[in-house]
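Dear colleague,

Please find the structure handed over below, followed by an account of what was found in it.

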Amino acid sequence: MLSSCNININAHVIARNPSDEVVTSIQDGDYAELSCDDGYTGRGTAHVTCSDGTLDTTEPFVCFESCYLPDNYEFKDESLTEPVEDGLHVDIRCADNFPQTFTIKRSCNNGSFGTLPPCSKPCSLPSLDGTNLMSDATGDVVENGTVVTYSCHDDYNLNGTDDVLCLYGDLIPPDLPQCIAKPCSLPSLDGTNLMSDATGDVVENGTVVTYSCHDDYNLNGTDDVLCLYGDLIPPDLPQCIAKPCSLPSLDGTNLMSDATGDVVENGTVVTYSCHDDYNLNGTDDVLCLYGDLIPPDLPQCIGKLHIGQFMPDILIIEFYSGYI
């Protein structure tokens, strides 16, 4: 009985019988044609015949990968196209948009042309005038593969990526970061009786925040505060002072008080009394409460009753009377 032959299929090798069917074995006396997958070149005996269980091949058939040019390179012979078959010699140079002018001969060796001299383009860096940006670049042109790191001058925050890569003449990313003037954090107004027109606790540079007080308080200090590069000008917020009280004039009232002026601070208790010959009618202590006097009406001084000297047959009675 005659033996069939198994075909040792290596990577990317295809065997086809005379009917063009893909096979992995053939019968005694039959043959097969060996070929490679697309992108590969075969070397060795491509026509094999089975003879009593043995393939009559003198050299094993092996598929070698074809070669493609790396980016940024081209063939000197412009008629050549890719892929390049394994073992083929070609002249390679940088693409015409690169400054390098060398030409080098290379052969395709199982998918690779080997190490090639670099084809690269430098990058021109944009001017930083008027941007408040700084960089670690030492000039306005950097070589391919250089990473330039950007930062901002004082009083500015960086908005964007700080590292920019030069890749074959292009900056990645193409747009430089920006320097944004530092914003200002506003102090909490809890417990201050202050109000402001700000809509949050952070405002942009150049913003003017206007402060005011709740009812019953007067503003002490500047009502407008400017955000300037992260600092508030002035740095201290105004204060809300409880409204003082204006005291009524005592002229013509015969009243006296322990107040030292005609205005007293919130919470002050003013004590009233009368001149001699008068009695106090009403509350002697009056409280200043957020601009109002409690009670609102001052006490009054009522003239005292005096019994005069006895005259013969006449008792003289005098009155210092009236509400003054």
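Pro-83 is placed in the loop between strand 9 and strand 10, strands here being DSSP runs of E of at least two residues and helices runs of H or I of at least four residues, both numbered from the N terminus. The peptide bond that leads from Glu-82 to Pro-83 is cis, with omega near 0°. A cis peptide bond also joins Ile-294 and Pro-295, where omega is about -5°; Pro-295 is found in the loop between strand 34 and strand 35 (300-303).

Please note that this is a predicted model, in which local features need pLDDT of at least 70 and side-chain atom pairs count only at pLDDT 80 or more, while totals for chains, interfaces and linings use all residues. Residues are numbered from 1 along each chain as its sequence is written, and side-chain values use heavy atoms, with hydrogens and water left out.

Asp-86 is located in the loop between strand 9 (73-75) and strand 10. With a relative accessibility of 8%, Asp-86 counts as buried (buried means under 20% relative accessible area, exposed over 50%, and partly exposed in between, with a 1.4 Å probe and protein chains only). Leaving aside residues up to four places away in sequence, Asp-86 touches Thr-41, Arg-43, Phe-64, Glu-65, Ser-66, Cys-108, Asn-109, Asn-110 and Gly-111, a contact being heavy atoms within 4.5 Å. Two of these neighbours, Arg-43 and Phe-64, are also related to each other: Arg-43 lies over the face of Phe-64, 4.7 Å from the ring centre. The rule for such a charge over a ring is that NZ of Lys or CZ of Arg is within 6 Å of the ring centre and within 35 degrees of the ring normal.

Lys-121 likewise lies over a ring face, that of Phe-98, at 5.7 Å from the ring centre. As for ring-to-ring pairs, rings of Phe, Tyr and Trp (its six-membered ring) pair if their centres lie within 6.5 Å; planes under 30 degrees apart count as stacked, over 60 as edge-to-face and the rest as tilted. By this rule there are three aromatic pairs. One of them is formed by Phe-98 and Tyr-168, edge-to-face, at 5.9 Å centre to centre and with 85° between the planes. This pair links distant parts of the chain, 70 residues apart: Phe-98 is in the loop between strand 10 (89-94) and strand 11 (103-107), and Tyr-168 in the loop between strand 17 (163-167) and strand 18 (170-172). Phe-98 is buried, at 9% relative accessibility, whereas Tyr-168 is partly exposed, with a relative accessible area of 34%.

Another pair consists of Tyr-217 and Tyr-290, whose ring centres are 5.5 Å apart; the planes stand at 55°, so the pair is tilted. Tyr-217 belongs to strand 24 (residues 217-220) and Tyr-290 to the loop between strand 33 (285-289) and strand 34 (292-294), so parts that are 73 residues apart in sequence are tied together. Tyr-217 counts as buried at 19% relative accessibility, and Tyr-290 as partly exposed at 31%.

Asp-216, with a phi of about 75°, is in the loop between strand 23 (208-213) and strand 24 and is partly exposed at 36% relative accessibility. Asn-254, with a phi of about 65°, lies in the loop between strand 28 (245-246) and strand 29 (255-257).

Turning to the chain as a whole, the protein has zero helices and 37 strands. The radius of gyration is 52 Å, whereas a compact globule of 324 residues would have one near 20 Å; the radius is taken over C-alpha atoms, and the globule rule is 2.2 Å times the number of residues to the power 0.38. Along the principal axes, the C-alpha atoms fill a box of roughly 180 × 55 × 20 Å. Of the 324 residues, 26% count as buried.

Finally, the unreviewed UniProt entry carries the annotation "domain: Sushi" for residues 121-181, 182-242 and 243-303; UniProt positions are given in the numbering used here, feature names are shortened, and annotations may be inferred rather than shown by experiment. Residues 121-181 are 0% helix and 48% strand, with the end C-alpha atoms 35 Å apart. For residues 243-303, the model gives 0% helix, 48% strand and 35 Å between the end C-alpha atoms.

Yours sincerely
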